[in-house]
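Hi,

Here is the structure I promised to send over. Have a look at it first, and then read on for what turned up.

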Amino acid sequence: MSGSDMYRQQILDHYKNPRNYGEMQDPDFSHVGENPSCGDTIQVDVKLADDDETIEQVAFSGDGCAISQAAASLLTETLPGKSIDELQAMDTDDIVDMLGVDISPMRIKCAVLARQVAQDGSKLYRGELDEKDRTITEE
Amino acid sequence: MPTSDASGLDVEAIREDFPILERKIGGDVTVPGPDETDDQPLYYLDNAATSHTPRQVVEAMTDYYYEYNSNVHRGIHSLSQEASIAYEEAHDRAAEFVGADGREEVVFTKNTTEAFNLVAYTWGLTELEPGENVVTTQMEHHASLVTWQQLCEKQGAEIRYVEIDEDGRLDMDDLRSKVDDDTAMVSAVHVSNTLGTINPVSEITDIAHEHGALSFIDGAQAVPTRPVDVAEIDADFYAFSGHKMLGPTGIGVLYGKQHLLEELPPFLVGGAMIRRVEFEGTTWEDLPWKFEAGTPPIAEAVGLTAAIDYLEDVGMEAIERHESELARYAYDRLSEFDDIEIYGPHEERGGLVGFNLEGVHAHDLSSILDDHGVAVRAGDHCTQPLHDVLGVPASTRASFYLYNTREEIDELIDAVDTARQLFA
């Protein structure tokens with residue numbers, strides 16, 4: 001796997017033209033994450049359907065590297081229609097599949113930041129997680 | 001590879017001493033070492049993070065392990081005597097290399113970071129008092145900055161950060177105004193690992209001494225790249241790391257003036273640093289052994305000696321000229337592009353250039369450069385507060401050493417252009 005392979009068209013497109021970018025009015029839950037050594041920051045806002053379980057709409061804001069931002073943008077398109085349980089079951093492989101490129105080991109933390117923010121946000125919403133200021137995915 | 005050099009170094013011959021420069025990269029990185037999918041020549045421009053190791057250093061350490069591996073100081077048998085003499089003489093060699101008076105002033109640590117911690121935990125915890133202050137700079141490495149910050153927090157002392165000017169030089173007026181008679185320590189980096197700035201450490205030390213304060217100079221980027229004379233600087237403490245100067249990891253040097261080191265309590269206690277142990281109490285070994293508890297880095301000391309021999313054979317003045325020339329060339333080539341922001345001064349800089357390509361995060365740039373075989377550093381370089389001052393989350397840094405060439409910088413420029421096209 002190599003640098004240019006990571007930067008295929010889809011990644012660059014989502015980085016340059018992020019989908020669902022901006023803060024949502026009245027989200028059901030919202031959470032922030034940051035990888036301090038990269039400077040990547042991501043906020044994910046989620047609106048749920050009336051069943052309080054199905055994800056209806058997702059928005060993100062923040063900034064950082066192309067991998068972290070494209071992964072967040074793609075996630076906002078992937079999550080609607082999924083349940084919170086399905087969100088919480090997403091692992092690193094799911095994110096790599098969603099991105100459609102191999103991610104080099106040192107950049108995995110960038111790719112999974114938005115997912116982790118969404119997962120932690122949903123756990124906080126359900127009271128499954130104690131108060132946690134920010135989500136961090138780097139070591 | 002063709003070499004071009006105005007500094008008088010025979011770079012082509014030097015490169016032959018560094019086998020790693022011959023390997024290719026680009027394949028599977030989850031298994032250490034080369035594999036058949038590696039296809040890209042390596043252009044190693046990350047020397048400020050760590051330098052490569054010449055055969056001579058590896059062979060000296062191999063000889064130690066194969067021929068006279070033994071524990072030091074206490075053994076009467078032949079191998080132990082050989083190892084002890086080599087280990088002790090490594091201190092003499094390091095002392096001579098940086099202009100210290102002798103082995104009493106040279107303590108081997110794990111690295112520069114440990115050298116700072118040693119002084120913080122010995123001098124700091126016993127001497128620094130509430131109401132006093134430590135003056136350091138905005139461009140310090142975390143090794144220094146975090147150590148002083150935490151020490152001051154513990155002791156109820158104040159920490160003051162000297163500001164940098166627009167060119168990335170230390171604001172000496174600000175330094176003069178921040179050092180006062182309550183200042184106990186002035187600590188500054190000799191050569192900035194992010195900006196390349198070379199600080200006037202002799203003048204900084206003079207200012208510290210005028211106010212009765214001590215000075216501690218971080219020489220991690222200076223000792224590998226230029227002649228350093230701690231006596232001329234008059235620094236009270238000075239620290240550097242072996243792995244950035246062709247030596248192995250796991251060994252660093254704390255220089256301290258003998259009378260200061262004598263007054264300090266030990267840092268780590270245990271074996272090797274004691275003279276007489278009784279149930280009721282213990283007396284300490286002489287310098288420098290008082291500060292070297294436990295089995296020390298013996299092979300690493302042997303490697304450090306070989307590294308110093310290698311550097312002196314090449315000549316520190318020539319290495320400094322070569323690095324400066326490469327840094328100037330890199331600066332000028334990067335300056336050709338309006339979308340590149342360079343940090344630090346143009347004149348009088350160490351052998352590294354930190355920059356950002358507009359619209360491309362440093363980590364993205366570094367990944368793309370890696371695909372072209374160009375190894376650079378991307379991130380905060382252990383200077384997060386300095387990056388806050390610069391107003392960027394991260395930067396990309398190309399840093400040079402005696403085996404680098406202009407052609408490698410041309411590769412860097414070409415690879416940066418690929419990133420520019422990709423993100424356009």
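**Salt bridges and where they sit**

At 19% relative accessibility, Glu285(B) counts as buried, because the cut-off for buried is under 20%. Its partner in a salt bridge is Arg275(B), with 3.9 Å between the closest N and O atoms. Glu285(B) sits in the loop between strand E12 (281-284) and helix H10 (298-314) of chain B, while Arg275(B) belongs to strand E11 (residues 274-278), and the two are 10 residues apart. Keep in mind as you read that this is a predicted model.

Searching the whole structure gives 32 salt bridges over all chains. One of them, in chain A, pairs the side chains of Arg126(A) and Asp85(A) at 3.0 Å, N to O. Arg126(A) is in helix H7 (residues 113-126) and Asp85(A) in helix H4 (residues 84-89) of chain A, so this pair ties together parts that are 41 residues apart in sequence. Both ends are partly exposed: Arg126(A) has a relative accessibility of 31%, and Asp85(A) has 44%. Through shared partners, salt bridges also join Glu53(A), Asp85(A), Arg126(A) and Glu128(A) into one network.

**How chain B is divided**

Chain B splits into domain 1 (11-53 + 316-423) and domain 2 (57-312). Their centres, taken over C-alpha atoms, are 28 Å apart, and 39 residues of domain 1 touch 34 residues of domain 2. Together the two domains bury about 2,900 Å², 58% of it on carbon and sulfur atoms. On the domain 1 side, Thr53(B), Met316(B) and Leu386(B) lose the most area, together 21% of what that side buries.

How many salt bridges cross this interface? The rule finds 1 between domain 1 and domain 2 of chain B. Elsewhere in my notes on chain B is the pair Arg226(B) and Glu320(B), whose side chains meet at 3.2 Å, N to O. Arg226(B) counts as buried at 7% relative accessibility, whereas Glu320(B) is partly exposed at 26%.

For the record side of things, UniProt (an unreviewed entry) places "domain: Aminotransferase class V" at residues 44-412 of chain B. Over that stretch the chain is 41% helix and 18% strand.

**A covered strand**

Take a look at strand E9 (residues 237-241) of chain B, where 5 of 5 residues are buried. Phe237(B), Ala239(B) and Ser241(B) are on one side, with Tyr238(B) and Phe240(B) on the other. E9(B) runs parallel to strand E8 (residues 214-218), joined by 3 bridges, and Asp218(B) has Ala239(B) as its bridge partner. With strand E10 (residues 252-256), E9(B) runs antiparallel through 5 bridges, and Ser241(B) stands opposite Gly252(B).

Cheers

Notes:
Residues numbered from 1 in each chain as written. Chains lettered and ligands numbered in written order. Predicted model: local features only at pLDDT ≥ 70, side-chain atom pairs only at ≥ 80, totals over all residues. Heavy atoms only, no water. Buried < 20%, exposed > 50% of the residue type's maximum accessible area, 1.4 Å probe, protein only. Helix = DSSP H or I, 4+ residues; strand = E, 2+ residues; numbered from the N terminus. Pairing = 2+ DSSP bridges. UniProt positions renumbered as here; feature names shortened; annotations may be inferred. Domains from an automatic or database assignment. Contact = heavy atoms within 4.5 Å. Buried area = accessible area lost by both parts, 1.4 Å probe. Salt bridge = Lys/Arg side-chain N within 4 Å of Asp/Glu carboxyl O.
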